[in-house]
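Open your viewer and get ready to click along.

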Amino acid sequence: MSGSGFLEDSFLSHSENFKRTLLSVNDGVYMTDRERRIVFWNPASERITGYTAVEVLGRKCSDNILSHVDMNGHSLCDTRLCPLYQTMEKGVPGESPVVVRARRSDGTRVAAEVSVAPLFGDDGVVIGGVEVFRDITEKQKLAEIKSRFLSGVTHELKNPLTIMQGFIELVLSGDTGEINQLQREFLDSAREEGDRFKRILDDLLDFARYEATEYSYNLRGIDLSSMLLQVAGSCSAEASRKKIAVNTNIPGGIFIFGDGDRLHQAFANLMGNALKYTEKGSVGITAGTSDGHAVVVVRDTGIGIPVEDQGRIFDQFYRVGNDLTLKVGGTGIGLSIVKKIIDRHGGEIGVRSRPGAGSEFTVTLPLKA
Ligand code: ADP
């Protein structure tokens with residue numbers, strides 16, 4: 001008999017066993033019906049929130065029980081960002097845990113990491129949802145310390161690098177006297193390596209910035225159109241240095257609900273990559289709406305991404321292992337952050353690309369209700 005057969009026969013088929021397990025696990029576990037009314041509440045939920053099962057069964061989880069808010073107190077319950085709402089709407093488990101502040105019975109808030117999945121009836125229709133949540137107060141404190149350290153060290157490294165690059169530029173400009181061709185070549189190489197190093201430090205800073213605020217999303221209505229124009233504008237200096245055109249097609253009036261700084265970070269990252277991996281041609285950003293969603297496409301005519309790598313580029317630290325990519329500095333952190341940010345907004349990101357022809361990243365985000 002196979003291992004899973006054994007489990008099915010003697011354990012999984014007995015719902016009492018299931019129930020006992022859920023009642024004894026250390027994480028808060030609760031289940032709701034389709035209207036988000038609580039139908040199951042385990043003792044860990046009681047311990048973390050202070051609410052007993054008797055007090056909550058039959059009530060909506062948003063009814064002052066868990067009422068998740070972001071770190072600035074904006075409620076997620078009545079928006080499409082409610083993790084349970086999303087999982088029941090999509091009929092698939094949440095991709096990564098979401099961090100929220102959940103309400104305790106005494107009115108205080110606890111930082112909680114929340115994972116969700118839909119519950120299906122026998123006919124395959126979604127009949128409710130399950131949420132597992134964990135108190136992450138300690139983890140949050142450690143993450144803040146780590147991120148402060150990382151950004152401190154990165155800034156310390158960046159300052160002398162900026163000064164060194166300034167001196168290299170000065171000598172190259174000829175202001176300090178004539179230099180011969182060989183000296184120019186050496187200094188050009190030093191400048192390029194400095195640029196590579198700076199890009200890596202920028203990635204680390206981005207990472208530290210993300211980690212520092214992973215637990216503090218600040219959600220509100222956002223003018224996505226203006227933000228994307230700003231992102232495109234901030235690429236113009238680097239684009240003109242590389243003699244690459246920046247195309248935009250961004251109609252006004254696209255509004256979403258989310259964290260403006262985070263989304264800016266995500267789109268700046270996609271445009272940054274487009275520029276970084278393109279030597280000639282153009283990069284571009286277009287936006288539109290479709291089926292209740294904003295659709296943003298970031299395109300380039302750069303080196304492209306081999307098909308076999310396309311499924312992995314959103315993994316942390318993954319970089320395509322060919323010469324063309326390795327020549328360009330990077331850490332493999334950027335796209336993993338982009339994906340986390342888009343996931344957290346209930347959106348999706350995908351890539352289409354052909355080596356030598358360019359890449360196209362498509363992001364969809366729910367429009368503001
Ligand atoms: P980094 O650029 O620092 O290596 P990212 O996480 O931003 O890390 O990207 C992961 C990998 O995906 C990159 O190393 C590169 O191989 C590939 N990639 C990302 N964007 C592009 C792009 N626009 N064109 C070609 N390759 C890309």
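**Before you start.** This is a predicted model, in which local features need pLDDT of at least 70, side-chain atom pairs count only at pLDDT 80 or more, and totals for chains, interfaces and linings use all residues. Residues are numbered from 1 along each chain as its sequence is written, and side-chain values use heavy atoms, with hydrogens and water left out.

**Stop 1: the core.** Select Leu224, Leu263, Phe267, Leu270, Ile313 and Phe361, which have the most contacts inside the largest nonpolar core, a group of 66 residues. Such a core is a set of buried Ala, Val, Leu, Ile, Met, Phe, Trp, Tyr and Cys residues joined through side-chain atoms within 4.5 Å; buried means under 20% relative accessible area, with a 1.4 Å probe and protein chains only. Now colour helix α10, residues 260-276, which gives the most to this core, seven residues. (Helices are DSSP runs of H or I with at least four residues, strands are E runs of at least two, and both are numbered from the N terminus.)

Next, pick Leu224 alone. Which residues is Leu224 in contact with, leaving aside its neighbours within four places in sequence? They are Ile254, Ile256, Phe267, Ala294 and Val296, where contact means heavy atoms within 4.5 Å.

**Stop 2: helix α5.** Select residues 83-90. Pro83, Leu84, Gln86, Thr87 and Met88 are buried here. Show β1, β3, β4 and β5 too, as they are among the elements that cover these buried residues. Just after α5, click Gly91, which has a positive phi of about 70°.

**Stop 3: the cavity.** A cavity is a set of points on a 1 Å grid over the protein atoms alone where a 1.4 Å probe fits but cannot get out, while a pocket is an open set with protein on both sides within 12 Å along at least five of seven lines; lining residues have an atom within 4 Å of a point.

Stop 4: Finally, select Glu95, Ser96, Pro97, Asp343 and Arg344, the closest to the centre of the second largest pocket among its 32 lining residues. This pocket has a volume of about 650 Å³. Helix α13 supplies the largest share of the lining, five residues.

Definitions and conventions
Buried < 20%, exposed > 50% of the residue type's maximum accessible area, 1.4 Å probe, protein only. Points joined across faces, edges and corners; volume = space filled by probe spheres on them.
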